[in-house]
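Here's a quick briefing to read alongside the model. Have a look at the structure first, then work through the points by topic.

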Amino acid sequence: MAYNYNSSEPVKISLDQLTDREKFLLTESKTFCMYPWIHLHSYPTGDAYPCCHAEMPEKLGNCQQQSMKEIWSNDKTIKLRDDMLNERENPACTRCYEQEKSGFFSGRKSANKHHGHHIKKGVDLDPPFEMTYWDIRFSNLCNLSCRSCGHIFSSSWYQDQVKLAGEGWGKSNKPLFWAGRHETDMIEQLMEHLDYVEQIYFAGGEPLMMDEHYVILEELEKRKRFDVRLIYNTNFTKTKLKDRYVFDYWRKFDSVAVGASLDAMGPRAEYIRAGTDWAEVEKNRQLMLEQCPNVDFYISPTLSIQNALHLPDFHREWVERGFIKPQDLNVNILQDPAWLRIDIAPEQYKEKIRAKYEQHLEWLRPLDKLNRATVGFESALNFLETDNTKLLPKFWERMSELDKIRNENISEVIPELDEIRINN
């Protein structure tokens, strides 16, 4: 049976194996999400959340002060599970609620689809601490300083942040930090869950630069756990660490999905994600096609005001060059920082985006076998319906600050944005 990208029906268990209550939770509930029963997410700062989509103020604890097991069973986590079971919206989950209103297939829906076979755990407010899904950001080690990012997720942001925030900030913060109570703490805790894990999501920082990533792959290889599904969010600028080539590992696993966080091509890519060498990215993609062609690869762009008009051109060019299939693009609509959202655009500029996307969709719909890329662009059109033009001055203020620090000029790289320029 063909995979239905936008269906809420769980993929590893049939509906006739479920009770009516379980069916409701997985396919109809507006609040239930499997993640808090199978997973705990940690930022590089140690702040722990139910998942990577959760609102930042709504943390469940901190892995630099507590063990994951303690956070798993604390009052905040138990209340979150209780809210989800009883159709009460929890403030941690507002990003998924907003995405679903725009027609996106949210992280919550994806969790229920891909992990719904664990629904029997969903009746227990304090289930056994057995993480079958991992998404731990071990550190903020990264070689890029993307404009939509910051020091929390990128060590390369440190010097720019010092210039923005002042020397006082620099003295009280350090470039590199780890999520756990000490440098190797998180990976030591995770090793206890190797018998349970089914899926691992590697992100960062930049996961392909991290020793922890390779330690996990080597331990899985030692245990012959090639059945574990590997999923990546990577900037795709690095494919080796010392003498370890990631392609050599990927070939051995049954299921590997690589989402490359590429927002644009050429000089635009190098501007939006500073530190990118676009020629190197294209070289890496060509080598991957030659060395592990069966690994699922897709572009996972962050859609912001910076690349709103350019993304269709990038998508189509990589399809025409044979780097991806039309379906191999998964739009991530930027929600934070709010001043980079596409809905800060004035109406006249929104009309240009709409026209470009409608034209792109005419080409895309007949070719997109998964309907994945199609739904991303369609949902982005819905996202444009909100009005955040009040944030335009802040956008230009932040862009100007970074341009000055980095000796760059947004008008030279993304000239279409001059149409919405506000002089400060």
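Let's start with Asn371, which counts as partly exposed at 31% relative accessibility (buried means under 20% relative accessible area, exposed over 50%, partly exposed in between, with a 1.4 Å probe and protein chains only). Keep in mind that this is a predicted model, where local features need pLDDT of at least 70, side-chain atom pairs count only at pLDDT 80 or more, and totals for chains, interfaces and linings use all residues. Residues are numbered from 1 along each chain as its sequence is written, and side-chain values use heavy atoms, with hydrogens and water left out.

- Asn371 sits in the loop between α15 and α16; helices (H or I, at least four residues) and strands (E, at least two) are DSSP runs, numbered from the N terminus.
- Its phi is near 65 degrees, a positive value in a residue other than glycine.
- Phe236 also has a positive phi, about 60 degrees, although it is not a glycine.
- You'll find Phe236 in the loop between β7 (229–234) and β8 (240–241), and at 0% relative accessibility Phe236 counts as buried.
- Gly204 and Gly205 are joined by a cis peptide bond with omega about 15 degrees, and Gly205 belongs to the loop between β6 (199–202) and α10.
- Another cis bond runs from Asp336 to Pro337, with omega near 5 degrees; Pro337 is in the loop between β14 (332–333) and α15.

**Helix α15 against helix α16**

- The axes of α15 (residues 347–364) and α16 (residues 372–383) come within 10 Å and cross at roughly 160 degrees. Axes here are lines fitted to C-alpha atoms, for helices over the stretch in contact, and angles run from 0 to 180 degrees between N-to-C directions.
- That angle makes α15 roughly antiparallel to α16 (under 35 degrees counts as roughly parallel, over 145 as roughly antiparallel, 65 to 115 as roughly perpendicular and the rest as oblique).
- The crossing of α15 and α16 is left-handed, meaning that the near helix is turned anticlockwise from the far one by less than a right angle.
- On the α15 side, the contact (heavy atoms within 4.5 Å) is made by Arg354, Tyr357, Glu358, His360, Leu361 and Leu364. On the α16 side, Ala373, Thr374, Phe377, Glu378, Ala380 and Leu381 take part.
- The residues of this contact divide into seven nonpolar, two polar and three charged. Ala, Val, Leu, Ile, Met, Phe, Trp, Tyr, Cys and Pro count as nonpolar, Asp, Glu, Lys and Arg as charged, and the others, Gly among them, as polar.

**Helix α5 against helix α6**

- The axes of α5 (residues 94–101) and α6 (residues 107–115) come within 8 Å and cross at roughly 95 degrees, which makes α5 roughly perpendicular to α6.
- Cys96, Gln99 and Glu100 in α5 meet Gly107, Arg108 and Lys109 in α6.
- By class, that contact has one nonpolar, two polar and three charged residues.

**Aromatic pairs**

- The structure holds 18 aromatic pairs. Rings of Phe, Tyr and Trp (its six-membered ring) pair if their centres lie within 6.5 Å; planes under 30 degrees apart count as stacked, over 60 as edge-to-face and the rest as tilted.
- Trp72 and Phe129 have ring centres 5.1 Å apart and planes at 55 degrees, so this pair is tilted.
- Trp72 lies in helix α3 (residues 68–72) and Phe129 in the loop between α6 and β4 (133–136), so the pair ties together parts that are 57 residues apart in sequence. Both Trp72 and Phe129 are buried.
- Tyr214 and Tyr249 form an edge-to-face pair, 5.6 Å centre to centre with 65 degrees between the planes.
- This pair links distant parts of the chain, with Tyr214 in helix α10 (residues 211–222) and Tyr249 in helix α11 (residues 246–250), 35 residues apart.
- Tyr214 is buried with a relative accessible area of 0%, and Tyr249 is buried at 10%.
- Ring pairs also link Phe202, Tyr232, Phe247 and Trp250 into a cluster.

- Leu25, in helix α1 (residues 20–27), counts as buried at 3% relative accessibility.
- Leaving aside neighbours within four places in sequence, Leu25 is in contact with Phe32, Leu85, Asn112 and Ile119.
- Ser304 is in the loop between β13 (302–303) and α14 (311–320) and is buried, with a relative accessible area of 3%.
- Not counting residues up to four places away in sequence, Ser304 touches Leu334, Leu340 and Ile342.
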